[in-house]
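Please look over the structure shown here before reading the notes.

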Number of protein chains: 2
Amino acid sequence: MKKTILVFAVLILAILALLHFSKYAILVGDSSVEWIIAVIALLFFFIGIYINKRSLKKSSETSNEINIKTIEKLEISKREYEVLKAIASGLSNKEIAAQLFLSESTIKTHVSSLLLKLNAKRRTQAIQIAKEMNIL
Amino acid sequence: MKKTILVFAVLILAILALLHFSKYAILVGDSSVEWIIAVIALLFFFIGIYINKRSLKKSSETSNEINIKTIEKLEISKREYEVLKAIASGLSNKEIAAQLFLSESTIKTHVSSLLLKLNAKRRTQAIQIAKEMNIL
DNA sequence: AGAAGAATGGTACTTTAGTATGAGCCTCTA
DNA sequence: TAGAGGCTCATACTAAAGTACCATTCTTCT
């Protein structure tokens, strides 16, 4: 946010400097003032839109960064995380096993440890908790 | 979107008209041009931010409107929808029954018809499908 | 090399989930 | 008023999900 303000200030200064030259051109006597102002207005209009969009993107990326740290804090392994994603996509243990080329008992083991680590009683609760923690 | 463009056009015209008067003031000879331009730049900057935010809000509201229509299309009743929300929050059938003051078999009936209507095989899949359809 | 942890899988058992079917009750509408 | 649809509940099953314990293999780190 501090960076955008700085960039913004520099832009204003640059445009003011630009005006310093165009000021003499105005004295020649035509209606180019309106044009310059219109262009500047449009420019800042789109700058506003751009900055707003970027700040929204950044905030969503920040929540993504939290993800990985949370996963590490909970000591969820890669395989377990894969299983978690598969659960969230609505697959059964058997289907997950087929997708990852594993046996169903292996999936059950992963699921059980996942439920422990997420402090959930059911896979549906695990999905809810994981989404609340921005893990999914 | 068409409305915002119209409003935008009117604003530009208004400012151009305002300039028509200030033009004569400039001929008196001071550096107020920079000030006017700076104010206009700022104004349009914030207009850009405002319009961008509003359009984002509208798009999120639109997806909310789709919800209700989709629910009606799938012929999901109020009770079934309550159960669906409870499922998505990670509750078991027994817990849902307690929450809604119903018997577990009633919940099972609702869940079964929900799975049929959502074309899901499991409750986890129902959650996934419902979220994809913006029902949840 | 050896400990630690991740990944894999098996057996046996308990608990939920989900299906099928039938039935009673209520409300709204043709 | 009769039927349709929604809501409730029960029984009897079958199928998943989840737990507990144990064992093996494979990295990885010290």
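This is a predicted model: local features need pLDDT of at least 70, side-chain atom pairs count only at pLDDT 80 or more; totals for chains, interfaces and linings use all residues.

Residues are numbered from 1 along each chain as its sequence is written, chains are lettered from A and ligands numbered from 1 in the order in which they are written, and side-chain values use heavy atoms, with hydrogens and water left out.

**DNA strand D**

- DNA strand D is surrounded by 19 residues, a residue being near a strand if one of its heavy atoms lies within 4 Å of it.
- The closest of these residues are Lys108(A), Arg123(A), Ser77(B), Arg79(B) and Ser103(B).
- Of the atoms of DNA strand D that come within 4 Å of the protein, 72% are accounted for by sugar and phosphate.
- The side chain of Lys108(A) has an N or O atom 2.8 Å from a base oxygen of DNA strand D; a polar contact is a pair of N or O atoms within 3.5 Å, and within protein one must be able to donate a hydrogen and the other to accept it, while residues adjacent in sequence count only if both atoms are side-chain atoms.
- Phosphate oxygens of DNA strand D lie 3.1 Å from a polar side-chain atom of Thr106(B) and 2.9 Å from a side-chain N or O atom of His110(B).
- Two or more residues of this surface come from each of helix H4 (93-100) and helix H5 (104-118) of chain A, and helix H3 (78-88) and helix H5 (104-118) of chain B; helices (H or I, at least four residues) and strands (E, at least two) are DSSP runs numbered from the N terminus.
- The surface near DNA strand D has three nonpolar, nine polar and seven charged residues, where Ala, Val, Leu, Ile, Met, Phe, Trp, Tyr, Cys and Pro count as nonpolar, Asp, Glu, Lys and Arg as charged, and the others, Gly among them, as polar.

**DNA strand C**

- Around DNA strand C there are 19 residues, of which Ser77(A), Arg79(A), Ser103(A), Lys108(B) and Arg123(B) come nearest.
- Sugar or phosphate makes up 74% of the atoms of DNA strand C within 4 Å of the protein, and bases make up the rest.
- A base oxygen of DNA strand C is 2.7 Å from a side-chain N or O atom of Lys108(B).
- Phosphate oxygens of DNA strand C lie 2.8 Å from a backbone N or O atom of Ser103(A) and 3.0 Å from a polar side-chain atom of Ser112(B).
- Helix H3 (78-88) and H5 of chain A, with H4 and H5 of chain B, each supply at least two residues of this surface.

**Helices H4 and H5 of chain B**

- H4(B), residues 93-100, packs against H5(B) at an angle of about 110°, with the axes 8 Å apart.
- H4(B) and H5(B) are therefore roughly perpendicular (65 to 115 degrees).
- Residues of H4(B) including Ile96(B), Ala97(B) and Leu100(B) meet residues of H5(B) including Ile107(B) and Val111(B).

**Positive phi angles**

- Most residues other than glycine have a negative phi.
- Asn119(B) has a positive phi near 60° and lies in the loop between H5 and helix H6 (123-132) of chain B.
- Asn134(B), in the segment after H6 of chain B, has a positive phi of about 60°.

Note on methods: Axes are lines fitted to C-alpha atoms, for helices over the stretch in contact, and angles run from 0 to 180 degrees between N-to-C directions. Angles under 35 degrees count as roughly parallel, over 145 as roughly antiparallel, 65 to 115 as roughly perpendicular and the rest as oblique. Contact means heavy atoms within 4.5 Å.
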